[in-house]
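Hi,

Here is the structure I promised to pass on.

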Amino acid sequence: MRILIVDSCPLFREALSHHLMEIYANGTVVEAATLAEALGLEELYTHFDLILLALDCQQDQLLSDLQLLKIHYPEAPIVLMSTLNDVVIARLMLNAGAQGFITKSADASEWRSALRLILAGESYISPSLLSSTQRDISPLAPLPMQVLPAVLTARQIEVLDLVAKGLPNKTIAQRLNCSEGTIKLHVSAILKALHAHNRTEAVRIASHLTHISR
């Protein structure tokens, strides 16, 4: 078991490394303070079995950091560790290819359970983000425009833009020169991709991720 920790805080890296060695006694833990440092390790290590990447307040780096790591280490499951207490961002990053999203406040028991599931091929989000108190979108700044296309297709974004303007499916179909049934399929796919229960919630989530005209 070879694990890479990417985090700017040396104390957190040290504490997490110690805990991981207790879980995987015969494993190897490699630390990197920055993404550039982590990518440079490619010359020394042919692969990692697990990558733990810290994501905090630099929202514009969330997607690009994940994508770069996936390019350089395509076989390794990537788990995001964050102080961002936002289930929307967590689900977005899982949709973009992360295997898990764990809050930095997670205790030893959660780490053990989470890593066991992730290494078995399952996805994981800290339960604290899924509680009823986290259903509302937290007031974070919108993410950059490139984030939404990582979750929705260009056509789905067109449909969602018109949904956000309050147009019914029939009118949207006329505007986009397609059938009403096709629009219904697009809306269903949008709700699934954004983990939304209805059109209003989908618009609210998407508005949180980026700017959608109304």
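Before the notes, one cut-off: a residue is called buried when its relative accessible area is under 20%, exposed when it is over 50%, and partly exposed in between. Please also keep in mind that this is a predicted model.

First, the overall picture. The protein has 9 helices and 6 strands, and 49% of its 214 residues are buried. If you take the contacts with a separation of 6 or more, 67% of them are between residues 24 or more positions apart.

Now the sheet. The 6 strands make an open sheet with parallel pairing, and the order is β2-β1-β3-β4-β5-β6. The edges are taken by β2 (28–32) and β6 (124–125); each has a single partner strand, so one side of each has no neighbour in the sheet. At the β2 end, β1 (residues 2–6) runs parallel to β2 and is joined to it by 5 bridges. If you want a pair to look at there, Leu4 has Val30 in β2 as its bridge partner.

Two helices lie across the sheet strands. One is α4 (residues 87–95), which lies across β3 (50–55), β4 (78–82), β5 (100–103) and β6 and runs at about 150 degrees to β5. The other is α5 (residues 108–119), which lies across β3, β4, β5 and β6, at about 125 degrees to β3.

Next, α6 and what follows. How many residues of helix α6 are buried? For α6 (residues 154–164) the count is 8 of 11, so the helix is mostly covered. The buried ones are Gln156, Ile157, Val159, Leu160, Asp161, Leu162, Val163 and Ala164. Just after α6 comes Gly166, with a positive phi of about 85 degrees.

The packing of α6 on α7 is worth a look on screen. Their axes are 10 Å apart and the angle is about 130 degrees, so the two helices are oblique to each other. The crossing of α6 past α7 is right-handed. On the α6 side, the residues that meet α7 are Arg155, Glu158, Val159, Leu162 and Val163, and their counterparts in α7 are Ile172, Arg175 and Leu176. Sorted by class, this contact has 5 nonpolar and 3 charged residues, with no polar ones. Val159, Leu162 and Val163 are also among the buried residues of α6.

Then there is Asn177, in the loop between α7 (169–176) and α8 (180–193). Its phi is near 55 degrees, a positive value in a residue other than glycine. As a reminder, most residues other than glycine have a negative phi. Is Asn177 buried or exposed? Its relative accessibility is 72%, and because the cut-off for exposed is over 50%, Asn177 counts as exposed.

Last, His195, which sits in the loop between α8 and α9 (199–209). With a relative accessible area of 35%, His195 falls between the two cut-offs and is therefore partly exposed. Which residues is His195 in contact with, leaving aside its neighbours within four places in sequence? They are Arg91, Asn95, Glu201 and Ile205. The C-alpha atoms of His195 and Leu92 are separated by 9.3 Å, although the two residues are 103 apart along the chain.

Cheers

Conventions
Residues numbered from 1 in each chain as written. Predicted model: local features only at pLDDT ≥ 70, side-chain atom pairs only at ≥ 80, totals over all residues. Heavy atoms only, no water. Buried < 20%, exposed > 50% of the residue type's maximum accessible area, 1.4 Å probe, protein only. Helix = DSSP H or I, 4+ residues; strand = E, 2+ residues; numbered from the N terminus. Axes fitted to C-alpha atoms, helices over the stretch in contact; angles between N-to-C directions. Parallel < 35°, antiparallel > 145°, perpendicular 65-115°, else oblique. Left-handed = near helix turned anticlockwise from the far one by under 90°. Contact = heavy atoms within 4.5 Å. Nonpolar A, V, L, I, M, F, W, Y, C, P; charged D, E, K, R; others polar. Pairing = 2+ DSSP bridges.
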